[in-house]
Structure formats: C-alpha cells, structure tokens
Amino acid sequence: MSRFKSERGGAGLGFVIALAVFLFVAYEAKQFGPPLIAQFEFQDAVVEAAKFSRGKPASAVQAEVFQKANEIGIPVQRELIQVRRQPTNTLIQVSYTLQAEWLPGRLYQWTVNVNEESMLF
C-alpha cells in the first residue's frame, strides 16, 4: 500500500508539487530567457566591435555599438557607451539596466556592466 496514492488511482501529493515546481520554472524561463539571451548577444557584439575597431574613430565605434543595442532591444543610451581609443588598444564600457517580471506584478531589475578591451595589431 502506497502512502501518498489515493485509492482511486488519482494524482498524489508528490505529483501536484512536482507539477507546481515545473510550472514555476517554465514561467521564470519565459520571463528571464529573452533578456538574458539579449544580454549575451550584446556582449558578443561589443567584443566584435572592439576587435574590429582598427582604423575607426571612437565615435564610429560608439555608433556601431549603439546601433547593435537598438537592433537587439537593449535599453542603452548613447551617452552610456564610452569608447577609449589608444594606438595599441580599444576599451569599450557600457552600463545599462535590464528588467524582467519575477512574479506576476513584481519586477526584478539588474544592472549590466560590459567592459571590453581589445589589443589592436
């Protein structure tokens, strides 16, 4: 005789708890997945912009990073993108805030700082 199984063969308490946990995890993945994917895609775009910045002025690199942020949907302002060019390297610093709905009606916000330095050859 099983302890948590009803005599009619219905779902037990363990199944209901497992289903609730599964639904919560699926909801959180739906809420946090797209912003996190956009964050990683933007990080890759900043790395690429830093690597291929040779021969470009700082304003052109800044415009390229800003355009990519708009394409991806990252809420960044042009003033928050700092590009420092030196003869041997390029440093790109970007700071922005992302948000996702943690529970219905409750927003979770986190600040992302992207710092990428690339040596120019």
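Mentor: Two strands pair if DSSP finds at least two bridges between them. Strands (E, at least two residues) and helices (H or I, at least four) are DSSP runs, numbered from the N terminus.

Trainee: How many bridges join β2 to β3?

Mentor: There are 14 bridges between β2 and β3, and the two run antiparallel. Leu-91, for instance, has Glu-117 in β3 as its bridge partner. This is a predicted model, in which local features need pLDDT of at least 70, side-chain atom pairs count only at pLDDT 80 or more, and totals for chains, interfaces and linings use all residues. Residues are numbered from 1 along each chain as its sequence is written, and side-chain values use heavy atoms, with hydrogens and water left out.

Trainee: What is the strand order in the open sheet?

Mentor: The open sheet of three strands has the order β1-β2-β3, with antiparallel pairing. Its edge strands, β1 and β3, each pair on one side only.

Trainee: Now the core. Which residues have the most contacts inside the largest one?

Mentor: They are Phe-42, Val-65, Ile-74, Val-76, Ile-92, Val-94 and Tyr-96, in a nonpolar core of 23 residues. Such a core is a set of buried (under 20% relative accessible area, 1.4 Å probe, protein chains only) Ala, Val, Leu, Ile, Met, Phe, Trp, Tyr and Cys residues joined through side-chain atoms within 4.5 Å.

Trainee: And which elements give two or more residues to this core?

Mentor: Those are α1 (13-51), α2 (58-72), β1 (81-85), β2 (89-103) and β3 (106-119). The largest share, six residues, comes from α1.

Trainee: What does Val-65 touch?

Mentor: Leaving aside residues up to four places away in sequence, Val-65 touches Phe-42, Val-46, Ala-49, Ile-81, Ile-92 and Val-94. Contact means heavy atoms within 4.5 Å.

Terms used:
Buried means under 20% relative accessible area, exposed over 50%, partly exposed in between (1.4 Å probe, protein chains only).
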